[in-house]
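I opened a structure today and kept short notes on what I looked up. The sequence and the model come first.

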Amino acid sequence: MQNKKPRTEDREQNVLSALIEIYLEEGSPVSSQKLQQKSFSSLNTSTLRGYLARLEKQGFIEQKHTSGGRCPTRKGLQWYIQLQLQQVRTDDIETTPAIEKLFLYESNEPSCYLQESLEKLSQLTECAIALSAPRFAHNEITAVNVMQVDDSRYVYAFVTRFGTVHTHTLFIEHSQGKVNTQAIAMYLQTRLNEQTRPQLNKTEEKVALRIYRELALKHLSTVTGTHKEDIYTTGLSQLLRYSIFTQKKELLLDAFHLWEDHALLRKYMRDYDSGHPLSYRLGADLNTYGKDLSGCLLIIVPYHIGLQQAGSLLLLGPELLAYKKLFNLLLQTARCIGLALNKSIELFHIPLYENEAQGALSTIIKYQLPDLKTQLQLGSSTAKEID
């Protein structure tokens with residue numbers, strides 16, 4: 001659309017924008033008659049066909065069938081998305097009461113708040129949603145549960161103070177049949193809280209000690225992890241709403257692989273275009289595995305706690321979405337999440353992750369891990385207590 005007279009260029013852009021919006025709304029090729037009926041009643045169809053022919057020649061739209069309407073190409077979609085980004089002004093976006101009611105509230109369990117917010121946002125957008133969030137310090141284990149799968153396998157889950165849930169499977173060789181998992185869970189709970197422990201038989205005690213060490217070290221690994229942010233995800237099944245995923249099984253599988261790769265999601269969340277309040281990646285931009293992800297879309301929206309960027313929201317869906325409404329919704333939600341976390345941190349005195357070495361040491365001492373006592377150079381009385 002270069003080297004055109006201003007009026008002709010403006011009209012071509014208006015025609016292209018209207019065509020793309022109709023296509024995103026209806027999901028089918030757009031004819032000159034449809035354009036006239038919906039957006040350009042003052043123009044005749046022959047004039048519109050002239051604009052469409054020039055836009056097609058420039059690569060913004062395509063006509064898959066001679067007698068059919070036109071569809072936007074990837075180039076056309078990129079142009080339209082950039083147009084919407086240029087029109088986004090975060091200062092002009094007002095958070096509606098309905099969005100505030102859904103997302104703007106305080107919670108003394110920020111992990112639960114984030115998980116619940118993602119579920120709501122996934123339902124509103126009908127897409128998969130991920131979020132990176134800072135880790136919270138002093139996030140002690142508050143509850144434990146144990147389930148025996150068979151003679152040798154156990155599933156244990158623990159919940160932390162701020163609502164994070166961790167589930168793991170443990171193989172314990174020769175555990176010798178059924179055990180009372182409720183008694184084991186009670187033992188773990190009382191030991192974590194430094195309370196009087198219930199009596200267990202030898203088999204139960206063996207299982208309980210093994211699980212205790214494992215869960216304490218699993219918790220320790222979250223304290224000393226290489227990343228200072230957690231990743232929350234939900235809504236992957238939303239992709240099944242869209243024909244592009246149900247008809248292209250390979251694309252669906254590739255989207256699943258992308259969604260399970262938290263390192264890659266972190267990279268996308270960090271590498272957003274800081275020149276805009278949100279950023280996006282279309283199809284070929286997601287070609288990380290050497291796979292063709294044409295038809296997929298990522299949208300990344302950072303959010304802030306105070307003046308500091310704390311993390312990002314990420315949406316995964318098909319590339320044909322109602323961008324105007326979606327951008328507005330995501331920006332409102334990101335603002336609410338940042339404000340809600342800020343209020344929760346201040347109201348409930350929730351500290352953010354800072355010093356991993358200090359956090360590791362306090363965790364090791366709190367949960368009295370005997371395998372690590374010799375590495376800590378602890379005093380004799382502390383070492384005796386750990387024994």
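**Ground rules.** I am working with a predicted model, where local features need pLDDT of at least 70, side-chain atom pairs count only at pLDDT 80 or more, and totals for chains, interfaces and linings use all residues. Residues are numbered from 1 along each chain as its sequence is written, and side-chain values use heavy atoms, without hydrogens and water.

**Confidence.** I looked up pLDDT, the predictor's confidence in each residue, from 0 to 100. The protein averages 84, and 84% of the residues score at least 70. I took helices (H or I, at least four residues) and strands (E, at least two) as DSSP runs, numbered from the N terminus.

**Cores.** A nonpolar core is a set of buried Ala, Val, Leu, Ile, Met, Phe, Trp, Tyr and Cys residues joined through side-chain atoms within 4.5 Å. Buried means under 20% relative accessible area (1.4 Å probe, protein chains only). The largest core has 88 residues, and Leu 131 and Leu 313 are among those touching the most other members. Helix α12 (residues 323–347) gives the most to this core, twelve residues. Another core, of 21 residues including Val 144, lies apart from it.

**Strand β3.** I found seven of the seven residues of β3 (residues 128–134) buried, so the strand is largely enclosed by the rest of the structure. Strands pair if DSSP finds at least two bridges between them. β3 runs antiparallel to β10 (residues 308–318), with four bridges, and Leu 131 stands opposite Leu 313 there. With β7 (residues 229–234), β3 pairs antiparallel over six bridges.

Terms used:
Buried < 20%, exposed > 50% of the residue type's maximum accessible area, 1.4 Å probe, protein only.
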